[in-house]
Amino acid sequence: MSDTETGGPAPAEAATDGPTVIVGTTAGTVSVEDLTEALMDVVDPELGIDVVNLGLIYGIHIDESDVATIDMTLTSAACPLTDVIEDQAKTATDGLVQDLRINWVWMPPWGPDKITDDGREQLRALGFNV
């Protein structure tokens, strides 16, 4: 899918043998690091862990007008909670960016290998075996 079709950049290539590395470009006044930090307040409603540490964020692009486009996936393409996550993301980044767009991507598919070490610790604390 092209940038024209999605309204944003193509998704970043994700690692297959470890947590996904968030790649990003910053053209405006907000840094990718600041936006990533804000997105740690967005919690997957089913697992109770933030979307960054779950490895659901594949890429972040911030244009010169401080409009952010996030390439993001979910643990399942059939997840009915995209609206909840989108609302949380907009709330978490309010005041940092002028607008936030989520480009839902499904390739590469998410897997437990994308969870960060911090995310694994959080899941273990909740009783998950990861």
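Buried means under 20% relative accessible area, exposed means over 50%, and partly exposed lies in between (1.4 Å probe, protein chains only). The model is predicted, so local features need pLDDT of at least 70 and side-chain atom pairs count only at pLDDT 80 or more, while totals for chains, interfaces and linings use all residues. Residues are numbered from 1 along each chain as its sequence is written, and side-chain values use heavy atoms, with hydrogens and water left out.

Select Asp 113 and Lys 114. Their side chains meet in a salt bridge (3.7 Å, N to O), that is, a side-chain nitrogen of Lys or Arg within 4 Å of a carboxyl oxygen of Asp or Glu. Asp 113 is partly exposed, at 25% relative accessible area, whereas Lys 114 is buried, at 4%.

Next, select Asp 99 and Arg 101, whose side chains form a salt bridge at 3.6 Å, N to O. Asp 99 is partly exposed at 29%, and Arg 101 is partly exposed at 41%. The structure holds 2 salt bridges.

Now show the largest nonpolar core, which has 28 residues. Such a core is a set of buried Ala, Val, Leu, Ile, Met, Phe, Trp, Tyr and Cys residues joined through side-chain atoms within 4.5 Å. Among those with the most contacts inside it are Leu 39, Val 51 and Ile 57. Strand S2 (57–62) is one of the elements that each supply at least two residues, and S2 gives the most, with 4 residues. Helices (H or I, at least four residues) and strands (E, at least two) are DSSP runs, numbered from the N terminus.
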